Amino acid sequence: MIKRKFYLEKIVKLIDTEDIKVITGVRRCGKTVLLKQIIDELENRGIASENIIYMSFESSKYKNIRNDDDLDEFIFSKTNNLNGKIYLLFDEIQKVKNWEVSLNSYRVDLECDIYITGSNSQLLSGELATLISGRYISINMLPFSFKELIQYMMKCMKKLMKLNYLNSI
């Protein structure tokens with residue numbers, strides 16, 4: 001996994017701020033990887049793993065969460081007995097109907113820091129702008145830069161060289 005330093009540095013500055021962090025971008029540009037790198041950063045800061053809730057709505061694990069009521073039931077049951085700030089990370093949140101209503105209520109009802117990902121077209125629709133207007137910061141991700149591409153290629157080359165060496169023994 002290549003660290004997306006450019007985006008990670010932007011996000012790190014926003015940790016524990018009130019704004020919802022909205023990460024958008026084309027498919028396969030690294031939004032999910034960035035969320036997992038945010039989780040690593042939180043754990044490195046000593047945040048308890050039970051206070052970090054990550055949900056990927058592309059996973060069958062959450063296929064029964066179809067709307068804001070289902071999401072609320074799940075989140076409030078997971079956070080009921082937690083102490084301290086809660087970190088909510090939702091991957092592909094646009095798959096949940098009326099998700100904006102839930103996120104807006106979490107900002108009021110929970111001591112939390114919220115991160116979401118999704119596609120540009122569906123996530124930043126008029127509905128989002130209306131319900132959480134002025135309460136989010138949008139970060140648009142792009143696929144690998146040339147520098148990141150070289151880093152990735154070097155990493156692959158090292159693995160390949162190691163494999164070739166092991167096969168020659």
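## Briefing: sheet, helices and salt bridges

Asp16 is partly exposed, with a relative accessible area of 38% (buried means under 20%, exposed over 50% and partly exposed in between, using a 1.4 Å probe and protein chains only). The model is predicted, so local features need pLDDT of at least 70 and side-chain atom pairs count only at pLDDT 80 or more, while totals for chains, interfaces and linings use all residues. Residues are numbered from 1 along each chain as its sequence is written, and side-chain values use heavy atoms, leaving out hydrogens and water.

**The sheet**

- Five strands make up an open sheet with parallel pairing, in the order E2-E3-E4-E1-E5 (two strands pair if DSSP finds at least two bridges between them; strands, E, of at least two residues and helices, H or I, of at least four are DSSP runs numbered from the N terminus).
- At its edges sit strand E2 (52-56) and strand E5 (136-141), each of which pairs on one side only.
- On average, neighbouring strands of the sheet are turned by 15° against each other, direction ignored (axes are lines fitted to C-alpha atoms, for helices over the stretch in contact, and angles between N-to-C directions run from 0 to 180 degrees).
- Strand E3 (residues 86-91) runs parallel to strand E4 (residues 112-118), and five bridges join the two.

- Helix H4 (residues 99-109) lies across strand E1 (20-25), E3 and E4, and runs at about 160° to E4.
- In H1, the buried residues are Tyr7, Leu8 and Ile11.
- Looking down the axis of H1, you will see these buried residues fall within an arc of 100°, so they line one face of the helix (the arc is that of the directions from the helix axis to the C-beta atoms).
- An α-helix has 3.6 residues a turn, so residues three or four places apart point the same way.
- The partners that the buried residues of H1 pack against are E1, helix H2 (31-44), E4 and E5.

**Salt bridges**

- The whole structure holds four salt bridges (a side-chain nitrogen of Lys or Arg within 4 Å of a carboxyl oxygen of Asp or Glu).
- One of them joins Asp16 to Lys85, with 3.6 Å between the closest N and O atoms.
- That pair links distant parts of the chain, 69 residues apart: Asp16 is in the loop between helix H1 (5-12) and E1, and Lys85 is in the loop between H3 and E3.
- Arg107 and Glu18 also meet through their side chains, at 4.0 Å from N to O.
- Because Arg107 lies in helix H4 and Glu18 in the loop between H1 and E1, this pair ties together parts that are 89 residues apart in sequence.
- Arg107 is partly exposed at 25% relative accessible area, whereas Glu18 is exposed at 67%.
- A further salt bridge brings the side chains of Asp113 and Lys21 to 2.3 Å, N to O.
- Since Asp113 is in strand E4 and Lys21 in strand E1, the pair ties together parts 92 residues apart in sequence.
- Asp113 and Lys21 are both buried.

**Thr79**

- Thr79 belongs to helix H3 and is buried, with a relative accessible area of 6%.
- A polar atom of the Thr79 side chain lies 2.9 Å from the backbone oxygen of Ile75.
- Setting aside neighbours within four places in sequence, Thr79 is in contact with Ile53, Ile86 and Leu110.

Notes. Contact means heavy atoms within 4.5 Å. A polar contact is a pair of N or O atoms within 3.5 Å; within protein, one must be able to donate a hydrogen and the other to accept it, and residues adjacent in sequence count only if both atoms are side-chain atoms.
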